[in-house]
2 protein chains.
Amino acid sequence: MLENIRVVLVNTSHPGNIGGAARAMKNMGLSRLVLVDPLDFPSHEADARASGASDVLEGAQVVGTLEEALVGCNLVLGTSARDRRIPWPLLDPRECGQKSVEEAGQGGQIALVFGREYAGLTNEELQRCHYHVHIPSNPDFSSLNLAAAVQVLSYEVRMAWLAAEGQPSKVEKQEVNSVRSADLATADEMESYFGHLEQTLVAIGFLNPEQPKHLMARLRRLYGRSSVNRSEMSILRGILTETQKVARGDAHKRKD
Amino acid sequence: MLENIRVVLVNTSHPGNIGGAARAMKNMGLSRLVLVDPLDFPSHEADARASGASDVLEGAQVVGTLEEALVGCNLVLGTSARDRRIPWPLLDPRECGQKSVEEAGQGGQIALVFGREYAGLTNEELQRCHYHVHIPSNPDFSSLNLAAAVQVLSYEVRMAWLAAEGQPSKVEKQEVNSVRSADLATADEMESYFGHLEQTLVAIGFLNPEQPKHLMARLRRLYGRSSVNRSEMSILRGILTETQKVARGDAHKRKD
């Protein structure tokens, strides 16, 4: 479905930006690059910045006009930094990604159009677009590098595509964030840990049973919110057991 | 609030990437750049790629180690491309932007940490992070250009910031549940705790320095996700200090 989404660069001056755009595209799973009247292409600088994305550069279609670049497109989205005289339907990058993926998923051909490094797209070119896309930026320094702008929109396309495919946006194969519930120490294991911890703190003289203050409550709150899993629990218990041995004087001791 | 969010680049090889990162940051309203042991800085190439963001480069702090870069940070987010042996709490860029803005809004200091162009962050560096951030990418071509990665995360920070500015009540109310970010132990305090913990585990014979396995990594992960606040930290440190005294045999011992 991503092959239905092409990136169109109009009148690019710096070949390094073409290479950077190709790399950004390929990183995000896009492959169709169309260059409208580039100043300097092919070029070593483009190849260098493309890194491993030379296949995208080699497959790039070079055309003379924006019209040619847009042949067959059902949806044309043009990046625009500036306020325009004529108000136009405007999307932010996230909406742009969602709209592109939605249309591509229905078989549409989509073009994401990027203008010149210094001057952007002309009003005439912008009027060929169904929507304008504005990347939110610092009003005092709003002009993104071309390859960086391609990176942002391509990233949002990928995020929308992953969501549409039902794939997670991160590699969540392991028990990572939310440790799986079944792996968490149970309430009774936690209780038994707190009992062991309290004994140990008394044994090393840190907790005075006559004046316990709120020490155990504070430690319960800390470990209670930490979602301790079972393998961590066994480490924590192991530490207490060794500490108790040392406190009894019957354990391995360092000589220092 | 965005001034609480710093971008940390570790061991960057190509000065052009430093310039590109500075431009991406300024475009998105970020200004604090910290460079850990850069290969070539300051440099004309960095200035050229920074375009109008030379103020970010001039204000950049250059330090020798990641620890120095993280001094005072309450939340450290490290970009990671690769699968790791030890799973770590993982965020996608959107979650990273939201979390950074949420914590910064509560007065926290945040670091977004980016690794070397070819090798990323080392396991040791990644273990200093509270969360890892993975930019979703084409599995066959997953490594983004450094400045492009900075662009994506900075963009998501700006999107989250704009959303928060539009609805300030959301950010303000969250401190009710969670500990306020400014009360959290900072990265350097956590490091110093982990150092103390490691010494103590060696002293009681629980950790064999010859065969450390992944013990410290597991403990870092546990405490790293627990949002330890300062008063809890002083309890944890107190426990270690008493344990060490007992291990040296010079402390109060129970007679049992």
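# Exercises on a predicted two-chain model

Pro168(A) is partly exposed, since 13 other C-beta atoms lie within 10 Å of its own (buried means 20 or more other C-beta atoms within 10 Å, exposed 12 or fewer, partly exposed in between, with C-beta atoms placed from the backbone). This is a predicted model, in which local features need pLDDT of at least 70, side-chain atom pairs count only at pLDDT 80 or more, and totals for chains, interfaces and linings use all residues. Residues are numbered from 1 along each chain as its sequence is written, while chains are lettered from A and ligands numbered from 1 in the order in which they are written.

## Exercise 1

Place Pro168(A) in chain A and relate Pro168(A) to Tyr223(A).

Solution. Step one: Pro168(A) sits in the loop between α7 and α8 (187-203) of chain A (helices are DSSP runs of H or I with at least four residues, strands are runs of E with at least two, and both are numbered from the N terminus). Step two: Tyr223(A) is 55 residues from Pro168(A) in sequence, and the C-alpha to C-alpha separation is 29 Å. Step three: the domain assignment of chain A gives domain 1 (2-165) and domain 2 (181-248), with bounds from an automatic or database domain assignment. The C-alpha centres of domain 1 of chain A and domain 2 of chain A are 56 Å apart.

## Exercise 2

Work out the strand order of the sheet in chain A and find its edge strands.

Solution. Step one: the sheet is open and has seven strands, in the order β3-β2-β1-β6-β4-β7-β5 (chain A), with parallel pairing (two strands pair if DSSP finds at least two bridges between them). Step two: β3 (61-63) and β5 (90-91) of chain A are the edge strands, each pairing on one side only. Step three: two bridges join β5(A) in the parallel sense to strand β7 (residues 131-133) of chain A, and Leu90(A) stands opposite His132(A) in β7(A). Step four: helix α5 (residues 93-105) of chain A packs on the sheet and touches β1 (5-10), β4 (75-79), β5, β6 (110-114) and β7 of chain A, its direction making about 150° with that of β6(A). Contact here requires C-beta atoms, placed from the backbone, within 7 Å; axes are lines fitted to C-alpha atoms, for helices over the stretch in contact, and angles run from 0 to 180 degrees between N-to-C directions. Step five: helix α7 (residues 146-165) of chain A also packs on the sheet, touching β1, β4, β6 and β7 of chain A at about 155° to the direction of β6(A).

## Exercise 3

Solution. Step two: β1(A) and β2(A) run parallel and are joined by five bridges. Step three: strand β2 (residues 32-36) of chain A is mostly covered, with four of its five residues buried. Step four: leaving aside neighbours within four places in sequence, Val8(A) has contacts that include Val36(A), Ala69(A), Ala111(A) and Phe114(A). Step five: Val8(A), Val8(B) and Leu77(B) have the most contacts inside the largest nonpolar core, a set of 141 residues (such a core joins buried Ala, Val, Leu, Ile, Met, Phe, Trp, Tyr and Cys residues through C-beta atoms within 7 Å). α7(B) gives the most to this core, with 13 residues.

## Exercise 4

Identify the backbone exceptions at Pro42(A), Asn11(A) and Lys213(B).

Solution. Step one, the reference: most residues other than glycine have a negative phi, and most peptide bonds are trans. Step two: the peptide bond from Phe41(A) to Pro42(A) is cis, with omega near -5°, and Pro42(A) belongs to the loop between β2 and α2 (44-50) of chain A. The bond from Phe41(B) to Pro42(B) is cis, with omega near -5°. Step three: Asn11(A) has a positive phi near 55°, lies in the loop between β1 and α1 (15-27) of chain A, and is partly exposed because 18 C-beta neighbours fall inside 10 Å. Step four: Lys213(B) has a positive phi of about 50°. Lys213(B) is in the loop between α9 and α10 of chain B and is exposed, with 9 other C-beta atoms within 10 Å.

## Exercise 5

Describe the contact between the chains from the side of chain B.

Solution. Step one: the contact takes 57 residues from chain B and 57 residues from chain A. Step two: the elements of chain B that each supply at least two residues to the side touching chain A are α1 (15-27), α7 (146-166), α9 (187-203), α10 (215-224) and α11 (230-248). Step three: that side has 30 nonpolar, 16 polar and eleven charged residues (Ala, Val, Leu, Ile, Met, Phe, Trp, Tyr, Cys and Pro count as nonpolar, Asp, Glu, Lys and Arg as charged, and the others, Gly among them, as polar).

Definitions and conventions. Two residues are in contact if their C-beta atoms, placed from the backbone, lie within 7 Å.
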